[in-house]
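User: Could you walk me through how to read a few features of this model? I'm new to this.

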Amino acid sequence: MSMPAEADATSPKHLRDKYAIVGVGETTYMRGSGMTTRALGTWAVRNAIEDAGLKPSDVDGMLSYQSGDSTFSNFIAGDLGIRANFFMDVFGGGSSTEALVGMAMGLIEAGMCKVVVIFRAMNGFSQVRIGGTGARAVAPVSGDMLHSRAYGWQSAGQMFSPTFMRHMYDYGTRPEQVAAVKAIHSEHASNNPKAFYKERVSVAEVLASRIICKPLHLLDCCVETDNGTALVVTSAERARDCRHPRALIRGVVGRCSKPRLDMHYQHGPISTVAGHYAREILWPNAGVGPEDIDVTGSYDAFTFTTMLQLEDYGFCKKGEGGAYVSDGTIRLGGRRPNNTSGGHLCEGYTHGLNMVIENVRQLRHDADDSCPVGPDGKRQHTYDYREGGCRQVKKCELTANMGWANPGTGSAMVMRRD
Amino acid sequence: MAIQAKYLDMPLDIGDLDVENLAYFRHCAAHDFHLQKCSACGLVRYPPTTACPWCAAPKSEWVPVEGKGAVHSYTEVHHAIQPAFKAHTPYLILLVDLDTQKGQPTEHEALRVVGNLTTPDGKLAPKEMVRSVGIGTRVRMVFADAGPGIALPHWTIDEGAAQPAKPWRYPQE
Ligand SMILES: [Zn+2]
């Protein structure tokens, strides 16, 4: 395929298309997994390695992320018989996926290892609740948290809402515009047999659900689930021997922040998020722009986070995110569908990894929907997006993923079909 | 000296090593709002830090700062996550732009101080009061005592200030 002319980049352009995601794997998205995060991680990593057409002994690098709520690479490696030349488990949740893909590229480029597995295993419903309830809600308040938790300002929804509210104030963004994100992602999930919530919901149903903390209704918030998810990253060259068409990495930006990381609200405009900075690295590195992208994968921890990311990465003008997410653009069949698996709002909550898995499958033209499988083992997509139908985007060539830790920190990645 | 206190039945814990937070809350305990002023560039900062966010200088002194400003943004919590707040819903979490140093050192910066909306005596505000406050509301700082050596700064409506005709509130009400 043809790509736009070279643009300035802040990192070496020679890494463009030099690395690929060759394997994706996941467990069932569930509540009450009845197993440890070690078992979840092992299940997902095994699936990802198999998907790549590799053996565990081909893997020599491991990366994972967590918040003191999961197993470590050592144990997954032990379970699967992986001997590592590099492994590291980093602290953090959302925004880690794309950042670790960038790190994997750097590790391989530096000659430290050759094939890297990235995983996230979590019992986000049955062990450490992602909504912040349970043990986290009653821990003593100390240190930096004295300026947040002491005020009943703890959960992600509570922490992000001043950004969401200010966006409505600054730009006149309407509740029903943002609610469209949930309605549309639920349509996508209804065509995803793996999704935890497969039922379609309407904008009216989102707005009629109870208020959690303004401006968030219950259905503006993502699902809490138990699951493991994993990716395999290797060089584009090595990737030629793998099972599927390569998802080549065009460009990546990892954990890019607004000023005042300690408390980003000190530096406004607070209705602007980290994508405002990250896009200055992402698009030049990728050598493409938002207008070239066929499918987006946003971090839909909330409906609002999708709207803010798509806006600040430049898919629409600043302040027009409400219109962009509600005018049909992001729906299957629209100009640029977003979160075709249903994302965090509907498929399952994985701290960002499942949206990357989905875009790899979109680039392979092999979204795992209910379309019939042909003699070549590939789905024969109908492109009929009605409930229970297809969710493959026609001629998907370029995707963008956007990770989110909070309004002040984000990561992103552009991939292309080989 | 370390502080262990309870506020709304919630344990607050500041260790001996956390000298910045100990100093901050000690001033609050005297119902006297102080922030660190950089000894090099002269800018005041919030929340407490161990060096200057603008010039990285380590030295600062605690200076009194007027607890007055306007609501920059907020959230109104209806479903509390922490047990301590379950009996107090709906409650407001306010981000307040202090008048002091607003728009400095750059246009979009301000000392944006967190607090709940409370009554003038520092109790979480009743429902009717919660409903009357939005972006633009003028507020003044009050304190909620939590124990020896610690009080939490909060915000109440500034009765003496000229208020906007209608502060901005979330539209679906
Ligand atoms: Zn300074």
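Analyst: Let's start with a network of salt bridges that links Glu26(A), Lys194(A), Glu347(A), Glu358(A), Arg361(A), Asp368(A) and Arg391(A). A salt bridge here is a side-chain nitrogen of Lys or Arg within 4 Å of a carboxyl oxygen of Asp or Glu. Keep in mind that this is a predicted model, where local features need pLDDT of at least 70, side-chain atom pairs count only at pLDDT 80 or more, and totals for chains, interfaces and linings use all residues. Residues are numbered from 1 along each chain as its sequence is written, chains are lettered from A and ligands numbered from 1 in the order in which they are written, and side-chain values use heavy atoms, with hydrogens and water left out.

User: Which residues does Glu26(A) meet in a salt bridge?

Analyst: The general idea is that side chains of opposite charge can pair when their charged atoms come close. Here, Glu26(A) pairs with Lys194(A), with 3.6 Å between the closest N and O atoms, and with Arg361(A) at 2.7 Å, N to O. Glu26(A) sits in strand β1 of chain A and Arg361(A) in helix α13 (residues 353-363) of chain A, 335 residues apart. Helices (H or I, at least four residues) and strands (E, at least two) are DSSP runs, numbered from the N terminus.

User: Is Glu26(A) buried or exposed?

Analyst: Buried means under 20% relative accessible area, exposed over 50%, and partly exposed in between (1.4 Å probe, protein chains only). Glu26(A) has 9%, so that makes it buried, and Arg361(A) is buried too, at 12%. For another case, take the salt bridge between Arg386(A) and Asp384(A): Arg386(A) is exposed at 61%, while Asp384(A) is partly exposed at 29%.

User: Which residues coordinate the zinc ion?

Analyst: For a metal, look for donors: N, O and S atoms within 2.8 Å of it (3.2 Å for Na, K and Ca); water is not among the atoms, so sites may look incomplete. In this model, the SG atoms of Cys38(B), Cys41(B), Cys52(B) and Cys55(B) coordinate the zinc ion at 2.3 to 2.4 Å. Along the chain, the donors follow the spacing C-x2-C-x10-C-x2-C.
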